[in-house]
Amino acid sequence: MIRIDSVTKRYPDGTVAVDQLSLDIPDRSITVLVGPSGCGKTTTLRMINRMIDPSEGAISLDGADITKQPVNTLRRSMGYVIQNAGLFQHRTIVDNIATVPRMLGWGKEKARARATELMARVGLDAALAKRYPYQLSGGQQQRVGVARALAADPPVLLMDEPFSAVDPVVRKGLQDELLRLQEELGKTIVFVTHDIDEAIKLGTMVAVLRTGGKLAQFAPPAELLSDPADAFVEDFLGADRGIRRLSFFSSAGLDLKTSPIIAVDSTAEQIAERTTADVPYLLVTDLDGKPLGWSEPGALTAGAVDTAQLLAYGRPFEAGKDSLRAALDGAVLSPTGWAVGVDGTGRVVGVVSQGAVGEAIRSAHAAGRSGAKVAG
Amino acid sequence: MNDWFRIPSDLQNSYLGLIGLHLREAVIPVLVGLVVALPIAQLCVRLRWLYPPVLWVTTVLYAIPSLAFFVVLIDYTGQTETTVMIPLGVYSLVVFVPAIVDGVRSVPQETLDAATAMGLGPVRRYLQVQLPIAVPAIIAGLRVATVSSISLVSVGMLIGNQGALGNLLNDGQIYHQPRLIWLSVITTAVLAIVVDAVLVGVRLLLTPWMPRGTRKARPAEDRPEPAELVLEDAAR
């Protein structure tokens with residue numbers, strides 16, 4: 001565990017970057033430091049690997065004060081990933097990744113073998129090994145940065161806005177990749193960002209810092225969204241807090257209806273049989289069970305449905321895996337007000353109305369609130 | 001044709017011998033200048049306040065005519081090659097110090113931060129990161145310094161036949177042989193162009209990591225091409 005104990009960083013000109021900050025950063029999980037610029041999040045991160053020394057207070061790693069070991073030994077035990085990757089432009093990709101192992105005295109072959117293994121792990125084509133950084137895209141460079149930080153298998157990974165310089169699509173890919181990697185590796189990650197959505201997506205715990213380097217709230221993301229500590233945190237979380245919180249509720253409890261689903265080649269009897277009073281529409285699927293669109297029962301021709309006449313079915317959610325947010329989104333998107341639940345292969349497993357999603361949200365809130373109370 | 005390259009006997013050297021001598025007198029001071037400039041430049045990078053005064057001193061030294069240097073040095077080092085090479089080495093500093101300082105400063109801050117965070121100490125960071133990335137700027141400086149040194153060696157004739165190819169100029173005047181003057185000027189110019197081309201080759205070899213399209217986009221960009229300088233000097 002990394003323990004930050006009443007740490008203050010004051011500069012000679014009187015500026016206070018970090019003010020009496022105390023945080024216990026749990027092992028093998030992602031802790032995100034988030035806040036507006038000037039909140040001291042990067043300063044805090046840099047105090048952990050002693051690139052900046054605190055004016056007051058102490059930081060310990062697994063109970064030992066970090067100033068008690070040689071600074072370069074400490075740094076080599078902590079991977080560091082930075083915005084724009086900060087790659088060594090004069091070294092090939094494989095040599096960039098092998099930097100720390102080489103410094104730790106590994107043989108050239110062993111270090112390169114490790115680098116090659118890591119390239120595969122972070123999703124880089126082995127053909128890039130002999131390239132130079134300028135030949136890679138921003139997203140690829142950032143993957144190299146992550147691989148380089150992981151090269152000597154350090155227990156701690158410090159990440160300073162690593163994904164903020166790449167475009168949103170690449171960023172989402174890198175975030176998903178980090179979560180997948182973390183599932184495999186279980187590092188203690190401290191992640192700095194100014195993007196609250198990134199913090200909520202990645203963080204096991206999120207520390208919100210306010211300008212002047214004071215801690216505003218330290219909580220799991222779901223709690224942050226449900227119970228912001230004060231107006232600053234609430235404001236920083238921004239609009240749609242309620243909708244975003246739905247990301248933390250599973251769609252597993254939704255009551256999916258299977259009756260209003262018909263295949264595209266259904267007979268008149270089947271259509272009549274599936275038509276019920278409580279569902280005004282029927283969902284038409286292809287022969288494989290994948291959704292095609294909604295239709296009013298009367299508009300359907302037996303045996304040969306005109307797929308061009310069907311109503312859009314929004315965006316299906318994966319039942320049980322996606323959150324209530326995805327289910328609600330699907331229901332809101334379709335003109336029928338019904339969301340389509342699918343399995344992992346995209347086959348329809350059931351449909352659910354906006355009303356039923358709303359019901360599920362209300363009961364999830366009730367459960368969440370009582371749960372929070374028990375925990376608190 | 002061979003008559004063209006015949007050298008008067010008072011120079012006690014062949015044509016190729018003079019070229020070798022010329023190269024030695026031009027290149028050794030530049031290399032020594034580079035070795036001296038590296039620590040000075042590193043000091044200037046670390047202590048920012050030191051850079052302006054250092055730049056001022058190198059510029060003033062550059063402004064001292066070589067003849068004045070010779071007058072002082074001749075008491076200590078005599079009428080030797082060393083007397084010619086010392087001012088050339090001193091002159092090269094005016095090119096090297098800013099070239100290296102700019103080169104080392106051009107290393108992006110995040111690259112330096114990454115190196116520090118990976119546990120590279122100051123020495124490793126300098127040798128493994130800053131210096132290699134400064135290579136293009138250093139070689140740009142090396143080109144200017146070498147080429148100007150090649151043209152300046154000729155002044156050595158003033159202290160008694162220590163000017164290598166420059167001695168031919170002197171002989172040409174004494175013996176009224178324009179051939180010798182032409183031979184001196186053209187050989188010096190060709191020598192400078194060839195050495196410059198070799199240095200460009202060295203840079204290409206040392207920097208496979210530079211984007212191809214922008215290989216030239218380095219601090220030396222807006223200075224005149226070194227080869228032009230030597231032609232100007234030779235023309236004087």
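Ile82(A) stands opposite Asp160(A), a residue of β7(A). The model described here is predicted.

### Strand β7 of chain A

Strand β7 of chain A spans residues 156–160. Five of its five residues are buried, so β7(A) is largely enclosed by the rest of the structure.

| Partner of β7(A) | Residues | Sense | Bridges |
|---|---|---|---|
| β6(A) | 78–82 | parallel | five |
| β8(A) | 188–193 | parallel | five |

Asp160(A) takes part in both pairings. In β8(A), the bridge partner of Asp160(A) is Val192(A). The chain passes from β7(A) to β8(A) by way of helix α7 of chain A, residues 168–185, and this β-α-β crossover is right-handed.

How many of the ten residues of helix α13 of chain A are buried? Seven of them are, and this helix, made up of residues 324–333, is mostly covered. The buried residues of α13(A) are Leu324(A), Arg325(A), Ala326(A), Ala327(A), Leu328(A), Gly330(A) and Ala331(A).

Helix α5 of chain A, residues 108–121, contains Lys110(A). Is Lys110(A) buried or exposed? Lys110(A) is exposed, because 12 other C-beta atoms lie within 10 Å, and a residue with 12 or fewer counts as exposed. Lys110(A) and Arg210(A) are 100 residues apart along the chain, and their C-alpha atoms are separated by 45 Å.

### The domains of chain A

Chain A is divided into domain 1, residues 2–248, and domain 2, residues 252–361. The C-alpha centres of domain 1 and domain 2 of chain A are 43 Å apart. To the contact between them, domain 1 of chain A gives four residues and domain 2 of chain A gives five residues. The side of domain 1 of chain A that touches domain 2 of chain A consists of three nonpolar residues and one polar residue, with no charged residues.

Chain B has nine helices and zero strands. Along the sequence its pattern reads α-α-α-α-α-α-α-α-α. Chain B has 236 residues, of which 40% count as buried. Among the contacts in chain B with a separation of 6 or more, 74% are between residues 24 or more positions apart.

Which elements of chain B give two or more residues to the side that touches chain A? The contact as a whole takes 14 residues from chain B and 18 residues from chain A. On the side of chain B, the elements that give two or more residues are α5, residues 109–117, and α6, residues 122–152. The largest share, six residues, comes from α5(B). By class, the residues of chain B on this side comprise eight nonpolar, four polar and two charged.

Methods. Residues are numbered from 1 along each chain as its sequence is written. Chains are lettered from A and ligands numbered from 1 in the order in which they are written. This is a predicted model: local features need pLDDT of at least 70, side-chain atom pairs count only at pLDDT 80 or more; totals for chains, interfaces and linings use all residues. Helices (H or I, at least four residues) and strands (E, at least two) are DSSP runs, numbered from the N terminus. A residue is buried if 20 or more other C-beta atoms lie within 10 Å of its own, exposed if 12 or fewer, and partly exposed in between; C-beta atoms are placed from the backbone. Two residues are in contact if their C-beta atoms, placed from the backbone, lie within 7 Å. Ala, Val, Leu, Ile, Met, Phe, Trp, Tyr, Cys and Pro count as nonpolar, Asp, Glu, Lys and Arg as charged, and the others, Gly among them, as polar. Domain bounds come from an automatic or database domain assignment. Two strands pair if DSSP finds at least two bridges between them. A crossover is right-handed if, with the strands pointing away from the viewer, the path from the first strand over the helix to the second runs clockwise.
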